[in-house]
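Here are my notes for you to read alongside the model. Have it open while you go through the points.

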Amino acid sequence: MQINLLIRLGMALLVLAPSVFGETTGVPEETRAQRDQRMRWWREARFGLFVHWGLYSGLAGTWDGKPVGTQGGMEWIQQRVKADTETYARAAIPKFQPKPGFAREWARLARQAGCRYLVFTSKHHEGFALHDSRVSDFDAGSVLHRDLVREIVNACRAEGLKVGFYHSVIDWHHDQYEYARSQQLSHPLKGQPYPNGARDHSRYVDFLHAQVNELVSNYGRVDILWWDYSAQDFQGDAAWRAFALMRMVRAKQPKIIMNNRLFRNPEAGWSGMGTAGFLPRLDPKYGDFITPEQHIPATGMPGVDWETCMTMNTTWGFNEHDHAWKSDAALLRNLIDIASKGGNYLLNIGPRADGSVPPESVKALDAIGAWMKKNGEAIYATQASPFEKLDWGRCTQKPRSRQTTRLYLHVFERPAGGQLHLPGLVNQPRKAFLLDGRTKLAVTRAADGVNIQLPAALPDPIASVVVLDIQGSPMIAATSPAAFRTP
Ligand code: GLC
């Protein structure tokens with residue numbers, strides 16, 4: 001009888017195995033079509049706003065009355081000055097005074113710029129959480145009696161933006177975080193013994209999971225989780241119990257999209273520790289998209305979802321000493337370049353401690369927004385260019401009907417003579433016009449492609465968009481210098 005029962009129990013366990021014990025990774029059980037459906041809004045959005053904001057924002061690149069530097073990520077100021085967390089908090093907390101309504105300003109700015117989503121730092125490496133956390137007193141709830149995550153999420157929703165949490169798994173505050181376990185991950189006290197005696201990293205990981213659980217449970221729908229970051233010598237399950245973390249997040253937020261930064265291995269899209277060390281590959285068990293930082297891949301990455309994140313000057317968190325602002329033209333052309341390669345652009349702002357956005361960033365976003373209002377059709381829901389290279393600018397494309405594809409030709413430089421040449425384009429052209437103003441343009445077939453005659457003056461000095469409708473899907477002759485490639 002007992003043996004019988006044991007056998008039955010064993011059988012039951014075997015049956016349950018795939019659902020209960022088989023889930024050893026974070027990969028959602030979904031078909032390719034379901035994944036495409038889940039990724040759809042993100043792929044169509046193309047443009048998001050990144051926001052780095054925390055205690056470092058108030059320090060603004062100055063420590064003890066002295067500038068810390070003019071270049072590089074100033075959200076790392078605690079690490080740069082090697083301050084322990086108490087000293088850092090004592091200096092930074094009094095300066096962190098968000099004004100009422102700051103989040104609405106961000107969200108409005110993002111929407112007007114044409115961003116479709118906003119990703120902000122729910123916690124950066126410093127460890128200060130912007131929500132009201134029950135498992136920490138180093139959080140906005142304890143310090144300011146405000147839940148800044150709720151304020152930001154509500155503001156984003158009110159502007160129709162999707163919302164994402166950047167969450168640092170690295171933590172320079174937590175007293176059980178075993179920083180000695182990684183050579184590659186920085187910590188302000190690196191090389192020094194733990195000030196509080198022996199640490200138990202698994203207790204930190206419990207805390208990390210508990211805090212993320214709050215974030216994915218208490219704020220309605222969360223569209224993106226943007227993890228940051230891992231090292232080759234400290235990553236994944238060993239460092240963060242990553243797969244369990246991903247499973248917990250997906251259980252609460254089945255539609256969520258996550259990046260690849262709980263890991264640092266080639267299968268997750270990484271070849272090394274530097275910012276250029278990304279690879280055009282991603283096994284979905286490690287996340288949904290790869291994250292080239294401050295880099296635009298030279299060519300597209302067919303079959304891989306990717307997002308370039310980039311600063312407007314050289315820092316993510318506000319630094320009053322960093323004046324190396326990129327021009328409006330550079331930022332807008334980056335967005336176009338990225339779309340032409342099939343990726344997303346996550347462009348960063350680093351607001352001040354009161355939440356106000358530096359005027360240089362406002363100006364740049366307004367300029368992009370003005371362009372997007374007229375030309376957004378050439379960015380949203382487009383696919384990568386069929387051309388390898390175009391001397392005068394970039395191309396994006398969209399299927400228009402079963403018979404027609406619409407090419408968007410982003411003209412950066414008007415070619416001498418005003419003739420826009422599409423090398424090797426085999427398809428029959430149907431019509432061409434300027435997107436802004438709808439002026440019709442003459443289009444002719446040539447032996448080696450298609451030519452479009454531009455007017456003497458183009459509508460936009462940064463990028464004027466010419467629409468070209470062609471018959472069928474684009475085909476580029478193999479002999480052309482712009483060799484054919486699949487989008
Ligand atoms: C890096 C930096 C960080 C920044 C992030 C954005 O990992 O540590 O400060 O938040 O990249 O991609």
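**Notes on the model**

1. Let's start at the ligand. One of its oxygen atoms sits 2.5 Å from an N or O atom in the side chain of His52. Trp76 also has a polar side-chain atom 3.0 Å from a ligand oxygen, and for Asp228 the distance from a side-chain N or O atom to an oxygen of the ligand is 2.9 Å. In total, 14 residues surround the ligand, the closest being His52, Glu75, His124, His125 and Glu293 (a residue is near a molecule if one of its heavy atoms lies within 4 Å of it).

2. Keep in mind that this is a predicted model: local features need pLDDT of at least 70 and side-chain atom pairs count only at pLDDT 80 or more, while totals for chains, interfaces and linings use all residues. Residues are numbered from 1 along each chain as its sequence is written, and side-chain values use heavy atoms, with hydrogens and water left out.

3. How confident is the predictor? The mean pLDDT (confidence in each residue, from 0 to 100) is 93, and 93% of the residues reach 70 or more. Over residues 9–22, though, pLDDT is below 50, and this stretch has 4 contacts beyond near neighbours in sequence (contact means heavy atoms within 4.5 Å). Residues 483–487 stay under 50 too, with 18 contacts beyond four places in sequence.

4. Now look for the open sheet: 7 strands, paired in parallel, in the order β7-β6-β5-β4-β1-β9-β8. Strands here are DSSP runs of E with at least two residues, and helices are runs of H or I with at least four, numbered from the N terminus; two strands pair if DSSP finds at least two bridges between them. β7 and β8 are at the edges with a single partner strand each, so one side of each has no neighbour in the sheet. β8 pairs with β9 (residues 344–349) over 4 bridges, and Met310 has Leu347 in β9 as its bridge partner.

5. Is Thr291 buried or exposed? Thr291 is buried, because its relative accessibility is 2% (buried is under 20% relative accessible area, exposed over 50%, partly exposed in between, with a 1.4 Å probe and protein chains only). Thr291 lies in the loop between β7 (257–258) and β8 (307–310). Beyond four places in sequence, its contacts include Trp226, Trp270 and Glu307.

6. Compare Arg247, in helix α11 (residues 242–252). Arg247 counts as partly exposed, at 28% relative accessibility. Arg247 and Thr25 are 222 residues apart in sequence, yet 7.5 Å apart in space, C-alpha to C-alpha.

How values were computed
pLDDT = per-residue confidence, 0-100. Polar contact = N/O pair within 3.5 Å; in protein donor to acceptor, adjacent residues only side chain to side chain.
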